[in-house]
Amino acid sequence: MLLATSAAVHLEGAALAAAERDALAAVLEHERAEHARSDRLLADAPPLSSLVPSIFGEAEAEAEPPPADNSSGRPTPEWASGLGLPEYLLDTPPTVGDGELRHRPASPSERAPLLPTLYLPGFPKAATTWLSNCVQYAFSPVNICGRRAEKWAACTRRYALAPLFTDALAQPSAWKELFFFGGRPPAHPFAYRPDLLELHGPDPTGGPLRNLSLLWPWERQLLGPRRGSASGAELMGRLRAMCAQSVPPQSCLSGGGGDACRAAPRCSVLGTAACEGANWRGVCRGLGAARPQPQLGCTHPACARVAEASAAESGQFSLNCVWSPRLKAVSGRSDAYCAHSLLPWAARGELNASVMDFTPNYICDADAMARIHDSAAERPEAVKFIVVVRDPVARAFSEWSMFAL
């Protein structure tokens, strides 16, 4: 009897394995057929660059524009070589201020954060990364307005900007997915909060930086270091000026009230702050802090401070935000700052830019759309969505391949 039961279990297991193999073979065959069909359709198609004319004259066309995020040193993608946009599209300027969504400005002339207005809710593994790269490249201010960054603010053609983050050397990179409005647990340091401080970050031209270009972080991200541009020490000094202190929420500056305006400004709980004062947790003992460390100021909640020989050295939010001897060699200081999220700040009509947030997971979070609507309550018509779907079987197989293979 026991032998018969064992044999039955073995047969069921073998049948299940065979069914899995057959299912995988069927999906792979479907993928091969789809690829073959696409190859046939594209075989006689003209190259994309011949269909989309360059917007530059010969003088500017000599220097090929870089990809939208060239901070990694990767070359321009082959598909993007010579890519431009049709003149009829570029020469139809939008109404001044149309499409911009400034977060709680104190007045039309006061600068305020430009919130995202272009979203890409969809399903993971539905080509959202490819579409994000394509939009960032094709609608980059470099491609739309030219390579001279001083012209971007006065450009009448609408261009796209991605939110940025920096490493501890203050080198900016583009975010595709912010996950701010949804997709994170409530306790996450950068989970949604109604004041949006972690979303828009500090003002890149606030206080001592008021004379800098509005888009200097994006200039560095898109064009990289150039002759006459800021040195590494200067960049780190700028980020310090932005992050070294917190600010009240924009709602307080625009005449709002409430407990948030009466309370002290919120501070970062990351980096060195992770083991300071009330932020101290048991894990700090393993970092050399047997008791709470003294508080060393209030860093903006969208930033983190790291320091030499800090007990909370591992309190960084990414591998790029950690102390190293190189930071002291560049800046001459024993601490440095990182920014988790930076958005451009502008007065009404000062920039003709649309900010992107291509987090596909927003479509899977029941609260995300309501939060986006609340953030755009003053101008909900400014928000645009590109919803991406894909054949369910192919999408599921793609996600399975990503995590299982």
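1. Helices, in the sense used here, are DSSP runs of H or I with at least four residues, and they are numbered from the N terminus. In this predicted model, helix H8 is followed by Gly224, a residue whose phi is positive, near 70°.

2. As for the protein as a whole, it contains 14 helices and 10 strands, and 43% of its 405 residues count as buried. Among contacts between residues at least 6 apart in sequence, 74% join residues at least 24 apart. The protein exposes about 21100 Å², of which carbon and sulfur atoms supply 58%.

3. Helix H8 covers residues 216-223, and because 7 of its 8 residues are buried, it is largely enclosed by the rest of the structure. The buried residues are Trp216, Pro217, Trp218, Arg220, Gln221, Leu222 and Leu223.

4. In the loop between helix H7 (197-200) and H8 one finds Asp203, which deserves a separate look. Asp203 is buried yet has no salt bridge, and the nearest side chain of opposite charge, that of Arg111, is 6.0 Å away. A salt bridge would need a side-chain nitrogen of Lys or Arg within 4 Å of a carboxyl oxygen of Asp or Glu.

5. Which atoms and residues, then, accompany Asp203? A polar atom of the Asp203 side chain lies 2.9 Å from the backbone nitrogen of Thr205, and, if residues up to four places away in sequence are not counted, Asp203 touches Met242 and Trp345.

Notes. Residues numbered from 1 in each chain as written. Predicted model: local features only at pLDDT ≥ 70, side-chain atom pairs only at ≥ 80, totals over all residues. Heavy atoms only, no water. Buried < 20%, exposed > 50% of the residue type's maximum accessible area, 1.4 Å probe, protein only. Helix = DSSP H or I, 4+ residues; strand = E, 2+ residues; numbered from the N terminus. Lys, Arg positive; Asp, Glu negative; His and termini not counted. Polar contact = N/O pair within 3.5 Å; in protein donor to acceptor, adjacent residues only side chain to side chain. Contact = heavy atoms within 4.5 Å. Areas by Shrake-Rupley, 256 points an atom, 1.4 Å probe, with all protein chains shown as cover.
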